[in-house]
Amino acid sequence: MASDSIATGQQVVTRFAPSPTGFLHIGGARTALFNWLFARHHGGKALLRIEDTDAKRSTQDAIDKILEGLDWLGLDYDEAPVFQSQRADRHRAVALALLEGGHAYKCFASSEELETMRAEQRAAKQPMRYDGRWRDRDPGEAPEGAPYTVRLKTPAAGETAIDDAVQGRVTVQNVEIDDYILLRADGNPTYMLAVVVDDHDMGVTHVIRGDDHLNNAFRQLPIYHAMDAIEGGWPQPVYAHVPLIHGADGAKLSKRHGAVGVEAYRDEEGVLPEALFNYLLRLGWGHGDREEITRDEAVELFDLAGVGKSASRFDIKKLQNLNGHYIREADDARLAALVAERIGPEADLELLTRAMPVLKPRAKHLGELAEGAAFLFAVRPLAITDKAASLLDADGRERLGAVSAALRAENDWTIETLEATTKALAERLDIGLGKLAQPMRAALTGTTTSPGIFDVLVLLGKDEALARIDAQAADPAGTADNG
């Protein structure tokens, strides 16, 4: 494993550079997290660059969603975002410097010529790459006014090696890297050029990104080397290429595996940001056997040596279990506010806050919390599930009548008193407590699952609780017939 290669006195600078063509992908979120943690761990700078050079696919909505997702995860940046599209003049200037310095050249090959070249390569089952036909030709041979691209002169022989901080030493034969385009015929710079120029100008020391970009590193290094020869001060960054995230089936994570955008985990899956932060941290990085790691601990512990070389598999059940842990740890008022958004205007924040201690122990996501709290705001007559209705037969209704009489006489509406009163009633009737609690739960919540029945009684209050019990004891909807 290669080291982080941090020179003495060097300030670490990392960057997250998403393309705003859609939501913040879960893989991108992990890349952002690793960059942020590495910078914070070393007391360096974490920067953000929006790579919006694809004008047709980049949208303001996507930019907003990316920024919102990063903010939700708690990833803050030390400078305002850099927008790549605003730096085209600088990218062009570097391309022209490479051209003037003899490290790039004008290519006058037409699109028809290039397509013929590719067709011949396909027919011969050769690698598809530019054949360098204008590399050593005199530009004067081209027709006057003919359009041209500017191509980088990549090394034609030998090999290039990268000591990657995650992958270790990786070597590529230079013949495999063709002379790619820096400036298109319309004068617009390419992504490959823009990335290098922006990383240099932003002072990026460590490029931490998905390993699908590993080949790009070998294409980008010649620009660093050429510009360093021209003007100096273009050191290559430390590369760390992180394996991609796969679905449970081992294939690259995609929409067919379910939600892949951060916003979907927040809005649809009901995941807390600290849970997703922790889960993404452990998805490809480890510190012993620890699963639950706080933000502060993550900053203290994170290093690139802990990043594995193999792809990680996204496991929604593990995320939900971790989310359940953070729900149990979360502030009740905060949870109540999040759940209220899911319930609607009828939600009572004060009541929800009081209910959280009994709702959250069994919940794995905010949706379950909202479902568990729904009985608090149900309007009589309650909707009764079929399973609950089966408990409201003649015996169940008779027992509810006895419960109502016993509880109505109770002035101390507390869990301890209500439990004692109900247990005493069960003893008098010579039945188990469950024979009372089950029809009570059905009458009070309309379901067969809920927090403890005495918690339910206290949360609903004496008047509402007795009204619900009486409504089912009287069987106005004919539940006994349904049962």
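Which residues touch the most other members of the largest nonpolar core?

**View 1. The largest nonpolar core of the predicted model.** The core holds 98 residues, and L276, L352 and L457 touch the most other members. Helix α1 (residues 26-41) supplies the largest share of this core, with nine residues.

**View 2. Surroundings of L457.** Leaving aside residues up to four places away in sequence, L457 touches L407, W413, L418, M440, L444, A465 and I469.

**View 3. Packing of helix α16 (residues 415-429) on helix α18 (residues 453-460).** The two axes lie 9 Å apart, at an angle of about 125°. The crossing of α16 past α18 is right-handed. On the α16 side the contact involves I415, L418, E419 and T422, and on the α18 side F454, D455, L457 and V458. Five of the residues in the contact of α16 with α18 are nonpolar, one is polar and two are charged.

**View 4. Packing of helix α17 (residues 434-445) on α18.** Here the axes come within 10 Å and cross at roughly 35°. The crossing of α17 and α18 is left-handed. A437, M440, R441, L444 and T445 of α17 make the contact with I453, V456, L457 and L460 of α18. Sorted by class, the contact of α17 with α18 comprises seven nonpolar residues, one polar and one charged. L457 belongs to the α18 side of this contact and also to the α18 side of the contact with α16.

Conventions. Residues numbered from 1 in each chain as written. Predicted model: local features only at pLDDT ≥ 70, side-chain atom pairs only at ≥ 80, totals over all residues. Heavy atoms only, no water. Core = buried A, V, L, I, M, F, W, Y, C linked by side-chain atoms within 4.5 Å. Buried < 20%, exposed > 50% of the residue type's maximum accessible area, 1.4 Å probe, protein only. Helix = DSSP H or I, 4+ residues; strand = E, 2+ residues; numbered from the N terminus. Contact = heavy atoms within 4.5 Å. Axes fitted to C-alpha atoms, helices over the stretch in contact; angles between N-to-C directions. Left-handed = near helix turned anticlockwise from the far one by under 90°. Nonpolar A, V, L, I, M, F, W, Y, C, P; charged D, E, K, R; others polar.
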